[in-house]
Amino acid sequence: MFRMRPLRTLMRRVLGSGRARPATVPTNTERFYPYTRQLSAAEIAAGKHRAAAGGKWEELGKWQFEFLRGQGLVPQDYLLDVGCGALRGGIHFVAYLEPGHYAGIDCNASYVEVGGRLELTRAGLEDRRPSLLANVDFEVGRFGRTFNFALAQSLFTHLPVNAIQRCLVNVTAVLQPGGRFFATYFDAPTVHHLDRIQHPSGVETYSDRNPYHYHASIFAYLATSLPLRVESLGLCNHPRGQSMLVFHRS
Ligand SMILES: C[S@@+](CC[C@H](N)C(=O)[O-])C[C@H]1O[C@@H](n2cnc3c(N)ncnc32)[C@H](O)[C@@H]1O
């Protein structure tokens, strides 16, 4: 026999109990779209931004700088750092590039703020005129210039594919002919690899939630009808075992 449940029970099923969830369980927003939480002044004062924006501060900062130098980056180049975080790599690039030649964009305004103030000041780089933008939609056209290098270090690893698509289209629009967009990602062995992957670095990745893994073929698909050619560079000694792609702008 069908018996109507009390309205309160039904509402609880649809909306949840309203009780606070344990701190260890991520909300759906955090699970599918992380890095939305703004750092507090206390966290910044305690230096917690370095861990929050990716950890391995020294190692990954230097690694990305040395990687692009190995790819031919010279001080006269113009670099767009997509998902620049708190300038873990940015401080190295800002120190190396000519003043005004570095631009960084990140969706988390507190990371951009702490990178642009605290980290640059600490490194004695306040007068190097980097352009920094807090923006979630990859509106890189707002820098008002073009670039011959672009980098997305540990960004695609946190993005669903439709966000990568927006990033790629917008970055392509500001990439000079002959320019290159380097992007790291966690590699999946097959096109439809739905199981989790335990990487040797200890990171576990997923096909449908953060941190994501992708088969390289999806990037070739996303580049379809854009003036881009995609090349896989492999692991490149990335400290977390990510692989590297380069999109060549024709
Ligand atoms: C693991 S951190 C890497 C930061 C930086 N590339 C580095 O190596 O230090 C990933 C960064 O991507 C940023 N991010 C995530 N989604 C973004 C979006 N839609 N637009 C811009 N940045 C985004 C996060 O806020 C975070 O700072």
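The legends below describe close-up views of a predicted model. In this predicted model, local features need pLDDT of at least 70 and side-chain atom pairs count only at pLDDT 80 or more, whereas totals for chains, interfaces and linings use all residues. Residues are numbered from 1 along each chain as its sequence is written.

**View 1. The shell around the ligand.** There are 23 residues around the ligand, and those that come nearest are Tyr-35, Gly-54, Gly-83, Gly-85 and Arg-88 (a residue is near a molecule if its C-beta atom, placed from the backbone, lies within 6 Å of it). Helix H5 (57–70) and strand E2 (102–106) are the elements that give two or more residues to this shell; helices (H or I, at least four residues) and strands (E, at least two) are DSSP runs, numbered from the N terminus. By class, the shell holds 12 nonpolar, 9 polar and 2 charged residues, where Asp, Glu, Lys and Arg count as charged and Gly is among the polar ones.

**View 2. Lys-56, in the loop between helix H4 (49–52) and H5.** The phi of Lys-56 is near 40 degrees, which is a positive value in a residue other than glycine.

**View 3. Phe-138, in the loop between strand E3 (131–134) and strand E4 (147–152).** Phe-138 has a positive phi, near 55 degrees, although the residue is not glycine. Phe-138 is buried, with 25 other C-beta atoms within 10 Å.

**View 4. The cis peptide bond from Asn-210 to Pro-211.** Omega of this bond is near -10 degrees, and Pro-211 is found in the loop between strand E7 (204–205) and strand E8 (213–214).

Methods: A residue is buried if 20 or more other C-beta atoms lie within 10 Å of its own, exposed if 12 or fewer, and partly exposed in between; C-beta atoms are placed from the backbone.
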